[in-house]
Amino acid sequence: MSLKIKLKANERIIINGAVISSGNNSTEFLIESEANFLRDKDIMLQEDSNTPAGRIYFLIQAIYLEPVHKDRFYNDLLNAIADLQEATELLEIAEALSHVRYFVNNNEYYRALKHMQLVLQAEHCLLEEKY
């Protein structure tokens with residue numbers, strides 16, 4: 001089954017590690033085989049991964065988009081999840097991280113990224129309150 005992707009003008013998507021841009025015009029295309037992809041709005045650049053949750057998100061993203069990096073990042077990822085779970089006092093974040101760990105352990109990286117988005121939002125709110 002094919003997946004139709006529509007990109008707005010100047011929107012990017014990463015498919016299996018390759019960055020694809022629509023240029024000045026919107027475009028659409030079909031993905032006709034299994035592929036790991038993220039749309040522009042879900043992509044985190046390394047320089048933006050400067051918080052504990054951001055670091056976890058970036059590590060999951062790296063493994064998801066280019067599975068050849070799993071051996072390089074996997075232990076760092078598990079340690080970062082454990083560190084944040086241990087440091088948080090908020091039940092919602094701890095529970096979300098438990099789901100993230102489950103998805104990571106079962107190679108469901110896209111689902112892990114979606115749960116990490118909730119953690120990132122909570123972290124952002126906490127940091128806003130603090131400063």
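**Entry 1: the largest pocket**

I looked up the largest pocket and found 15 lining residues, with Phe58, Gln61, Ala62, Leu65 and Glu66 lying nearest its centre. Helix H1 (52-65) and helix H2 (70-87) are the elements that give two or more residues to this lining. H1 gives the most, with four residues. I noted about 260 Å³ of space in the largest pocket. Its lining residues divide into nine nonpolar, four polar and two charged.

**Entry 2: basis and terms**

I record that the model is predicted, that local features need pLDDT of at least 70 and side-chain atom pairs pLDDT 80 or more, and that totals for chains, interfaces and linings use all residues. Residues are numbered from 1 along each chain as its sequence is written, and side-chain values use heavy atoms, with hydrogens and water left out.

A pocket, on a 1 Å grid over the protein atoms alone, is an open set of points where a 1.4 Å probe fits, with protein on both sides within 12 Å along at least five of seven lines; lining residues have an atom within 4 Å of a point. A volume is the space filled by probe spheres set on the points, which are joined across faces, edges and corners. Helices are DSSP runs (H or I, at least four residues), numbered from the N terminus. Ala, Val, Leu, Ile, Met, Phe, Trp, Tyr, Cys and Pro count as nonpolar, Asp, Glu, Lys and Arg as charged, and the others, Gly among them, as polar.

**Entry 3: the second largest pocket**

I then turned to the second largest pocket, which holds about 190 Å³ of space. Ten residues line it, and Leu84, Ile93, Glu123, Leu126 and Leu127 lie nearest its centre. Helix H4 (residues 109-130) supplies the largest share of this lining, five residues. I noted six nonpolar, two polar and two charged residues in the lining of the second largest pocket.

I looked up glutamate 123, which lies in helix H4. Glutamate 123 is buried, with a relative accessible area of 12% (buried is under 20%, exposed over 50%, partly exposed in between; 1.4 Å probe, protein chains only). Its side chain makes a polar contact with the side chain of threonine 51 at 2.5 Å (a pair of N or O atoms within 3.5 Å, one able to donate a hydrogen and the other to accept it; residues adjacent in sequence count only if both atoms are side-chain atoms). Leaving aside neighbours within four places in sequence, glutamate 123 is in contact (heavy atoms within 4.5 Å) with Thr51, Pro52, Ala53 and Gly54.

Leucine 127 is also found in helix H4. I noted leucine 127 as partly exposed, with a relative accessible area of 36%.
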